[in-house]
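Hello,

Here is the structure I promised to pass on to you. My notes follow below it, and I hope they are handy when you open the model.

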Amino acid sequence: MALIFSCSGVTDIKNTEWIGVEKDKNTSIAFNDSTCEIYKVFETGCIDTIRASFSVSEDTISFVPFSEYVTVGSKLIIDGNTLKESKSGTVVFKHKAQ
């Protein structure tokens with residue numbers, strides 16, 4: 001029996017979609033190759049979209065919005081099928097099953 005184990009230190013999230021939970025239930029994130037789109041659906045049905053580039057270091061996702069007037073106040077931690085807010089550790093997104 002042979003066991004091959006490899007750890008690159010980078011989690012691949014490209015081409016995945018994540019759905020918000022609890023207080024972020026009206027928000028979702030779609031990751032592409034090097035950019036992502038963050039969608040927020042308001043009670044009126046209007047959708048706001050933030051486009052950003054992202055980078056993944058180890059298990060932490062950092063964002064750089066394309067608009068200079070927009071900030072993303074948190075980094076996300078990848079934990080299996082969930083994304084956690086880096087400061088509080090609260091689960092804010094779950095992987096959308098395909």
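**What I found**

Among contacts in the chain (heavy atoms within 4.5 Å) between residues at least 6 apart in sequence, 27% join residues at least 24 apart.

A word on the ground rules. This is a predicted model, in which local features need pLDDT of at least 70 and side-chain atom pairs count only at pLDDT 80 or more, while totals for chains, interfaces and linings use all residues. Residues are numbered from 1 along each chain as its sequence is written, and side-chain values use heavy atoms, with hydrogens and water left out.

**The barrel**

The chain has 8 strands and 0 helices; both are DSSP runs numbered from the N terminus, helices being H or I with at least four residues and strands E with at least two. The 8 strands close into a barrel in the order 1-2-3-4-5-6-7-8, with antiparallel pairing, where two strands pair if DSSP finds at least two bridges between them. From one strand to the next, the twist averages 30 degrees (axes are lines fitted to C-alpha atoms, for helices over the stretch in contact, and angles run from 0 to 180 degrees between N-to-C directions). Of the 98 residues in the chain, 29% count as buried (buried is under 20% relative accessible area, exposed over 50% and partly exposed in between, with a 1.4 Å probe and protein chains only).

**Strand pairs**

Strand 3 and strand 4 are antiparallel and share 7 bridges, and Thr-35 sits opposite Ser-53 in strand 4. Further along, strand 6 (residues 76–79) runs antiparallel to strand 7 (residues 82–85), joined by 4 bridges. Asp-79 has Thr-82 of strand 7 as its bridge partner. That hairpin has 2 residues between the strands, and Gly-80 takes a positive phi near 65 degrees there.

Strand 7 also pairs with strand 8 (residues 91–95), antiparallel over 3 bridges, and Leu-83 stands opposite Phe-93 of strand 8. Here the hairpin has 5 residues between its strands, and Gly-89 in the turn has a positive phi of about 80 degrees.

**The largest pocket**

The largest pocket holds about 330 Å³ of space. Of the 17 residues lining this pocket, the closest to its centre are Asp-24, Thr-27, Ile-38, Val-72 and Phe-93. Strand 2 (27–31), strand 3 (35–41), strand 4 (47–57) and strand 8 are the elements that give two or more residues to the lining.

For the terms: on a 1 Å grid over the protein atoms alone, a pocket is an open set of points where a 1.4 Å probe fits, with protein on both sides within 12 Å along at least five of seven lines, and lining residues have an atom within 4 Å of a point. Grid points are joined across faces, edges and corners, and the volume is the space filled by probe spheres set on the points.

The lining divides into 8 nonpolar, 4 polar and 5 charged residues (nonpolar are Ala, Val, Leu, Ile, Met, Phe, Trp, Tyr, Cys and Pro; charged are Asp, Glu, Lys and Arg; the others, Gly among them, are polar).

**Two residues to look at**

Ser-28 lies in strand 2 and counts as buried at 13% relative accessibility. Not counting residues up to four places away in sequence, Ser-28 touches Trp-18, Ile-19, Gly-20, Glu-37, Ile-38, Tyr-39 and Phe-93.

Lys-40, in strand 3, is partly exposed, with a relative accessible area of 32%. Leaving aside neighbours within four places in sequence, Lys-40 is in contact with Asn-26, Thr-27, Cys-46, Ile-47 and Asp-48.

Best wishes
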